[in-house]
Structure formats: C-alpha cells, structure tokens
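Subject: Structure handover

Hello,

Here is the structure I promised to pass on. Please load it first, then read my notes below.

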Amino acid sequence: MNKHILGILAISLFTGVSAHAQFGPSMGAKGKPAGEGKIQGAVVDSITGEPVAFASIVIQEALERRDVDGSIADEKGRFSIVELKNARYLVIASFLGYQTKILGPFKINRDSLEHQLGEIRLAPNATLLSEVEVVGAKDMVEQKIDRLVYNASRDVTSRGGTAADVLRRTPLLTVDLEGNVSMQGTSNIKVLINGKPSTIMSSSIADAVKMIPADVIDRVEVITSPGAKYDAEGTGGIINIVTKTKKIQGVSGSVNASAGTKSSNLGSNLNIRMGKIGFNTNIGGFYWRGKGSSKIDRENLQTPENPYYRQEGKSSNDGGGLFAQFSADYDIDSKNSLVFSARFPLNRFANDNDLTTYSGDDKSQLPFSFRRTSDVLFRRLGTDLNLDYRKTFDKDSDREFSMSAQYSYTDRKSDYETEQFNESGVLNYREVSPNLGSDREIIFAADYLHPFSKAVTAEGGAKAIFRNVFSDIFYDTLDLPSQQYLRDLSRNNVFDYDQNVAAAYAQLSFPITGQLKARAGLRYEHTFIVGLTQSDGNQFENDYASWVPSGLMALTLPDKSTLKFSYSRRIQRPSMYFLNPYVNYNDPTNISYGNPELKPEVTESFEFSYGFAKGTANGTVSIYHKATSDLIDNYRYVDSMGRTNATYNNLAQGYSSGLSINGGIMKLGKIMLNGNLNLYYQKVESSEFSDSRNDAFSYSFNGFANVNITPTLGILFFGFLNSPKLTTQGKQSSWFMYSIGLRRDLWKKMGGISVSVDNIFHPELNLGASFRSSSLVYEADNRFEGWGVRVSLDYRFGKMEFGGNSKKRKGRLNEDLKQGESEGGPGR
C-alpha cells in the first residue's frame with residue numbers, strides 16, 4: 001500500500017522536474033525579466049498639506065478593475081509599490097474621514113517602469129459622498145469566484161471570544177450553542193487552518209473551535225464547491241480558518257487583551273522582515289467558562305417494567321490554554337522560496353455534571369433512582385509543523401511548481417471520576433477512568449500549474465496522507481468495604497486505527513467564450529484502513545477507491561455581475577469521534593459509543609448563483625441541491641437490558657435543496673451592513689427503519705451592522721436565528737444569539753477599546769431535542785448561559801508595507817487560490 005502512495009508522489013515529482021527542464025524560465029526583452037514596475041507617492045491632506053499617515057493604497061488592473069497589490073502608507077504618508085507586471089494600473093488612495101481618490105491609469109512596460117506620483121491630495125469629508133465607489137477597502141464579506149470570505153479581523157464584537165464566535169458570524173455557516181458547525185444544512189464539513197488540516201480538528205470540531213482564540217483569526221473562507229485540488233473530504237464543503245500573518249517590510253506587531261464574564265484573552269503578534277527573510281509569531285493565552293442545566297424524559301416502548309425515565313441535572317464547564325504560532329519564510333532567489341511554520345496549542349477542558357435519575361411505571365410520579373456526579377478533565381497538546389517549497393518561473397506567468405510536507409500530532413489525556421449516591425445522599429458507587437490517546441497525521445504533496453495562455457491553465461498534483469488514531473482506556477471501581485479500587489477488565493479497551501490515503505488530481509481552467517469561463521477537474525483517492533479493538537480482539541481492514549469530479553462555469557454579464565454554476569462530488573470519512581468503540585457509562589441508563597465499521601459518506605452537490613457588486617452594494621443569490629448516501633448519523637435504540645444506546649450508522653440518506661441570499665452595503669467611514677438568509681428543504685430517510693424518515697423546511701439568518709457615529713467611535717451589532725435541525729429520528733429545536741458592541745479608536749487609529757454584550761435580554765438560552773422510534777421516545781430540554789459581557793483593548797505598532805510579488809509565498813498543501821485573492825498559506 002505504501003508503494004502505491006510513494007509511486008504517485010514519484011510520478012508527480014518527476015513531472016514537475018521534467019516540466020522545469022522543458023519550459024525553462026523565459027526572459028523579457030534584452031534578457032531582463034519583464035514586469036519590474038514601480039509606483040511611488042505620498043498622501044497628504046488637501047487643506048492642511050499634512051501627511052495622511054497610514055492611508056490605504058490599492059493597485060487595480062485598469063481593464064478588469066481587479067485588485068492586484070496594495071500597501072499602507074507610512075507615518076509620513078509615503079508608499080512604494082514594486083515588482084508590478086506589464087499592464088495598465090489604477091491607484092486608489094483612501095483613509096477614514098477622507099474622500100477616496102482614484103488616479104491613472106498608469107502604464108507599466110519596458111519603456112516606462114517607474115511612476116513618481118508626488119503628492120496625492122485627499123479632501124476631508126464634510127459629509128460622506130454616497131456616489132464614491134469604495135474599491136480599495138476590504139468589505140466585511142467578500143464574494144470570490146469559488147468562495148465566500150468573512151474578514152473576521154474587522155469585527156470587534158468577537159474579540160476576546162473563540163473561533164466558535166467567529167464562525168457564528170460567518171455567512172453560510174451555523175454554529176449551535178454546543179459548538180457544532182454546519183454549512184447549508186449539513187455538519188459534515190472539512191475545517192482547515194491556514195489551508196491545511198490539523199489533528200486539532202480530528203476528534204471533535206465542536207471542541208476544537210473553542211480552543212482557538214478569536215483574536216488570532218484574520219478571516220474565514222467558506223468553499224461550498226471545492227475544486228479537484230482540494231482533498232475530497234467534506235461533503236458539506238470546506239472552511240478555511242486563516243490566522244493573522246502578514247507579508248511585511250520592517251517590523252510591526254500588535255498586542256490585545258480582553259476580559260469578560262464568559263471568556264478572556266491575552267495575545268500578541270510580531271512581524272519582522274529583513275530583505276529575503278521574514279518572521280511572524282502569535283503567542284497568547286485564553287480562558288472560557290459556561291454553565292447549563294438539562295431535563296430529559298425517556299420512554300422505553302419495548303420495556304414493560306419501569307419504562308419511564310426522567311433525568312434532571314446541571315453542568316459547569318471551563319477551558320483554556322496557550323497558543324503559539326511561528327512562521328519563517330526565505331526567498332532563495334526571485335523564483336524560489338521556502339516557508340516553515342509551526343503551531344503549538346496547549347488546551348485544557350473541564351466538565352462537572354450533577355445528574356439525578358427518576359424511573360418508574362407512572363410518568364406523573366416517578367420515584368428517585370440515584371444521583372450521579374462526574375468530573376472530567378481533558379488535556380490536549382498539539383504540534384503542527386509545515387514546510388513548503390515553491391518555484392515560480394516568468395514574472396508575467398502564473399506557472400508554478402510546489403512541494404509541501406506536514407507533520408501534525410496531538411497528545412490527548414483525560415481523567416474521569418464519577419460517584420453515585422442513594423436518596424439519603426450515601427455513596428454507593430465510585431469509578432475512575434483515565435484515557436490516553438493520540439492523533440498523528442503526516443502529509444506529502446506536490447503540485448504543478450502550467451498556463452498555456454493567459455486564459456488557459458492546467459494543474460496537476462499528488463498527495464499522500466498517513467493517519468493514526470490511538471486510544472487506551474480502562475475503568476477502576478471502588479470496593480466500598482475494603483476501600484480498594486478494582487480493575488473492571490470487561491470494560492478495558494485499546495483502539496488503534498490507521499487510515500492512509502493516496503491521491504492525484506488534474507484540473508483545467510479555460511474560456512468557453514470571451515465572457516464565459518470554466519474549470520473542470522478530476523481527483524482520485526484510494527483509502528487504506530487497518531483497525532484493531534483489543535477488548536474483543538477484532539481486527540478489521542478495508543480499502544476503497546473514490547473518483548471525485550468537479551466543475552464550474554462563470555459568466556460575466558455586461559454590468560460586471562456574474563452567473564455561476566458548479567458541481568462537485570465529495571466524501572466524508574468518519575473521524576475518531578464517530579469511530580471509537582469506547583463506551584461512555586457516565587449515565588448507566590443512557591450509554592454512548594462509536595462505530596469502527598462506519599463507511600464514508602458520498603455527496604453530490606449542485607449550485608447555481610448570481611452575484612453583483614455595484615457602488616457600495618454587493619449581493620449573491622444561490623440555489624443549491626445536495627444528495628448524500630451512506631449518511632453518518634446518530635441512532636438511538638433500547639437494548640435488552642433497558643438501556644438507551646446512542647451510536648452512529650450509515651443506514652440513512654439525506655437530501656437538501658435550498659436558496660441562499662447574501663448581501664451587503666458598505667460606505668467607507670459611515671456604515672457597513674451585511675446579512676445572509678438561507679431557506680432550504682431537508683429530508684432524512686432510511687430503508688432499514690420504516691419509522692426513520694424526517695423532512696421539513698428549514699431556515700437560518702445572520703446579520704451584521706457597523707455604524708460609525710464619529711470617525712473614531714462606532715456601534716456594532718450581530719445576530720443569528722436558526723430553525724430546528726433534523727436527524728434521522730428527530731430534531732433539535734431552533735436557537736438564536738446576538739451581540740451589541742461599541743468601539744473607540746485610540747492612538748491615531750493604532751489601537752482601540754471595545755465593549756460588547758451578548759444576548760443582553762436573554763440571560764438563558766434553550767436548545768431542545770426530540771427523538772422517536774419504535775423502541776424509544778426521547779425529549780430533552782437543555783439550557784445554557786446566554787448573557788455575557790466583554791471588554792477588549794488592542795494596540796498596533798510599527799510599519800506594515802505589503803509590497804512585492806503577490807505570488808511569492810503560497811503554501812500549496814491544501815490551497816485553491818485564484819489570482820487576485822488573498823492567500824492563506826504559511827508566511828502570509
């Protein structure tokens with residue numbers, strides 16, 4: 001099996017080396033590389049003549065009005081944009097409180113490589129001119145050809161929170177009160193960090209997003225129809241969390257701190273670039289807490305004796321940790337570069353539960369059965385190491401070859417203790433259970449992109465993934481008379497699971513007509529699985545092939561709006577969370593465990609969309625349909641001992657068809673509005689269980705508003721509302737969240753202070769659930785803390801200058817970036 005994987009990599013590496021030899025680097029006229037253009041100038045106040053420090057400079061390609069480069073002026077208003085290709089450019093200068101100014105076009109060619117613009121005079125705004133088109137500033141939400149980008153760094157209401165708070169604000173995504181993430185109605189998604197997978201996400205996305213501080217996140221990219229370059233995993237799509245790294249000259253950085261009733265944070269960022277070498281670090285710590293209560297009613301329909309159960313409990317959770325990220329990039333020469341990055345998250349999570357169980361024959365008067373308290377402490381230490389090599393060729397060409405390697409390891413340890421009491425409060429049972437585990441992932445990849453012309457490009461590559469999941473657990477029960485712990489051998493379990501993947505892909509981008517462009521790709525993945533459960537000596541093996549086609553067509557209309565149609569097939573391999581057969585006996589009447597024999601889901605996705613950006617407004621309307629076979633879904637049943645069992649199976653199919661509407665209005669320095677509405681029909685059914693069919697119309701809405709009262713004082717609002725969520729046997733209730741924030745800029749806009757309040761009118765939030773089958777009726781009412789307040793302070797220092805070739809540092813391990821888009825690889 002390893003020979004198959006290494007063989008595919010060898011072919012890819014040979015292809016890249018051969019291509020280099022065949023198509024060696026081209027040169028411009030007289031042997032000089034083409035496109036070394038430069039535009040320089042200084043931004044000043046048109047009335048006072050004083051420099052406009054830190055003004056925003058954007059360079060646009062004049063014909064297509066596409067952003068290609070940018071910079072922040074220094075404290076004297078000066079800027080310099082270098083290494084521009086041969087083309088005609090517009091220069092857009094803007095700053096809060098001033099009218100945006102557009103200059104040009106300026107032509108860069110071998111006869112005119114440099115333009116000195118002198119002083120660019122910006123007129124102060126008495127009132128904001130509504131007709132000025134804001135082209136240089138980043139919107140809160142951006143629509144790219146193949147993704148939606150949420151610029152989280154512009155949203156102060158999430159500062160001091162976690163990644164879960166950021167994802168809740170991201171259009172097309174839904175995050176419930178427990179942290180479960182879904183996209184357009186499905187929770188089977190792939191989450192990347194800086195374009196790459198991480199073992200942090202391998203066991204539980206809901207837990208992982210609580211362990212990433214919001215303040216280190218720059219933006220979130222939502223990709224509903226990924227191309228062939230991406231891994232096939234993620235039937236619902238891909239979420240790429242991009243952390244704050246900058247390509248800079250000189251030294252810059254920031255510090256931030258926040259304190260709140262539900263979360264607190266302390267972080268720092270430092271960027272250094274000296275010639276060909278650049279460094280970036282993010283270091284900080286965070287803490288969060290929460291409390292809740294629950295009430296559960298169950299009826300075992302196939303148990304004649306004591307069929308009714310009621311459980312009432314309360315819980316307290318808290319977590320936190322340290323976060324360290326480091327990256328270094330080195331330009332070997334103008335065409336070869338290396339990037340190394342490392343991330344070391346250290347996390348702790350504690351959960352305390354107090355649950356009382358009542359059971360009997362009369363639902364209205366259930367006698368006391370027992371009371372259980374449990375304490376669980378999770379500790380997790382992660383390591384992500386990445387090394388990327390990239391080679392470019394002609395400066396006027398997007399031709400590129402890259403190789404990447406990644407090592408990711410997470411060490412997991414949990415300690416569990418539960419005590420049981422009778423009605424008089426006397427201890428009658430105690431057990432402890434440590435659990436040692438680890439997740440390891442090693443990845444090698446190679447990619448080659450070759451442009452046959454400016455409009456036609458071909459891409460290909462190969463990838464090898466080696467994954468291992470390990471878990472070792474045992475239980476010790478207290479013998480009350482002797483006060484000695486005894487090992488319960490019947491519940492010991494060692495779970496060792498290997499999953500290796502060999503993959504290769506090819507993708508072609510080409511025009512059909514002048515305004516109609518297309519992308520078609522095909523990816524092949526072969527998965528090899530070997531697993532062992534020591535408790536029953538069961539060893540299982542499996543391997544399967546997956547062909548993953550994808551396609552996209554985009555039509556540009558005369559008014560520059562676009563129509564897009566896309567298709568993709570995706571698979572969802574089960575993670576350890578679903579696979580581990582470890583049985584959770586925390587509640588002896590309601591046990592849960594994974595299923596190591598789960599198969600991957602397969603989803604076919606179709607999407608048609610219309611998008612526009614005109615003046616200060618933008619919007620996108622999408623119609624989509626998804627069909628999923630072998631759906632990985634929760635299933636509950638009652639066993640012969642009368643216990644409720646919760647596990648997972650592949651015995652259902654899912655369908656989702658919907659309409660998504662996203663739109664926004666942005667007027668620089670005054671107001672920013674954005675909203676997303678998702679209306680969809682869901683159906684979940686199973687041929688194996690005649691009682692397991694569920695369908696409904698569902699909806700979700702989230703909105704964001706930022707209103708500047710003065711140039712330095714702004715009010716922000718965020719809110720979302722989500723309809724009930726369907727499962728095979730039931731549904732969860734609807735839920736909502738909202739927050740209001742106030743920000744004041746300080747120190748000449750180099751920092752500021754923010755105050756935000758969550759759910760100010762709802763101190764408690766509800767998340768109910770109901771399930772029904774031929775053997776079980778289940779009703780749950782879960783309540784969580786809703787109200788919370790946070791105060792945040794941040795300060796930025798140094799000079800940030802984003803000049804240079806935008807192609808130089810692009811981690812290719814899991815990217816699908818188009819020219820002109822922001823990049824999320826290491827070193828950026």
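Strand β1 (residues 37-45) pairs with β4 in the antiparallel sense, over five bridges. Within that pairing, A42 stands opposite R78 in β4. Both strands belong to an open sheet of three, in the order β4-β1-β7, with mixed pairing. β4 (78-84) and β7 (114-122) are the edge strands: each has a single partner, so one side of each lacks a neighbour in the sheet. On average, neighbouring strands here are turned by 15° against each other, direction ignored.

Please keep in mind that this is a predicted model.

Overall picture

The protein has 828 residues, and 55% of them are buried. It contains four helices and 43 strands. Take the contacts with a separation of 6 or more: residues 24 or more positions apart account for 67% of them. The exposed surface comes to about 34300 Å², with carbon and sulfur atoms supplying 58%.

Nonpolar cores

The largest nonpolar core holds 27 residues. L167, I217, V220 and I239 have the most contacts inside it. Elements giving two or more residues to this core include α2 (163-168), β13 (217-223) and β14 (238-243). Also on that list are β9 (148-150), β10 (173-175), β11 (181-183) and β12 (190-193). The largest share, four residues, comes from α2.

What does L167 touch, leaving aside its neighbours within four places in sequence? Its contacts are L173, V175, V181, V209, V220 and I239.

There is also a second, separate core of 22 residues. I39, V52, I57 and L117 are among its members.

Salt bridges

The structure holds 31 salt bridges. Side chains of opposite charge can pair when their charged atoms come close.

- E221 and R219 meet through their side chains at 3.2 Å, N to O. E221 counts as buried, at 1% relative accessibility. R219 is buried too, at 4%.
- R310 bridges to D297, with the closest N and O atoms 2.8 Å apart. This pair links distant parts of the chain: R310 lies in strand β18 (residues 308-331) and D297 in strand β17 (residues 277-300), 13 residues apart. Buried or partly exposed? R310 is partly exposed, with a relative accessible area of 24%, while D297 counts as buried at 18%.
- R379 bridges to D415, and here the closest N and O atoms are 2.1 Å apart. R379 sits in strand β20 (residues 368-392) and D415 in strand β21 (residues 400-421), 36 residues apart. R379 is partly exposed at 31% relative accessibility. D415 is partly exposed as well, at 29%.

Some salt bridges share partners. These join K190, D231, E233, E441, K463, R467, R523, E525 and R573 into one network.

A buried asparagine

Where is N782 placed? N782 is in strand β42 (residues 776-785). Why does N782 count as buried? Its relative accessible area is 17%, and buried means under 20%. Leaving aside its neighbours within four places in sequence, N782 is in contact with S293, S294, L765, N766 and L767.

Best wishes

Methods. Residues are numbered from 1 along each chain as its sequence is written. This is a predicted model: local features need pLDDT of at least 70, side-chain atom pairs count only at pLDDT 80 or more; totals for chains, interfaces and linings use all residues. Side-chain values use heavy atoms; hydrogens and water are left out. Buried means under 20% relative accessible area, exposed over 50%, partly exposed in between (1.4 Å probe, protein chains only). Contact means heavy atoms within 4.5 Å. Accessible areas come from the Shrake-Rupley method with a 1.4 Å probe; for residues, only the protein chains shown count as cover. A nonpolar core is a set of buried Ala, Val, Leu, Ile, Met, Phe, Trp, Tyr and Cys residues joined through side-chain atoms within 4.5 Å. Two strands pair if DSSP finds at least two bridges between them. Axes are lines fitted to C-alpha atoms, for helices over the stretch in contact, and angles run from 0 to 180 degrees between N-to-C directions. A salt bridge is a side-chain nitrogen of Lys or Arg within 4 Å of a carboxyl oxygen of Asp or Glu.
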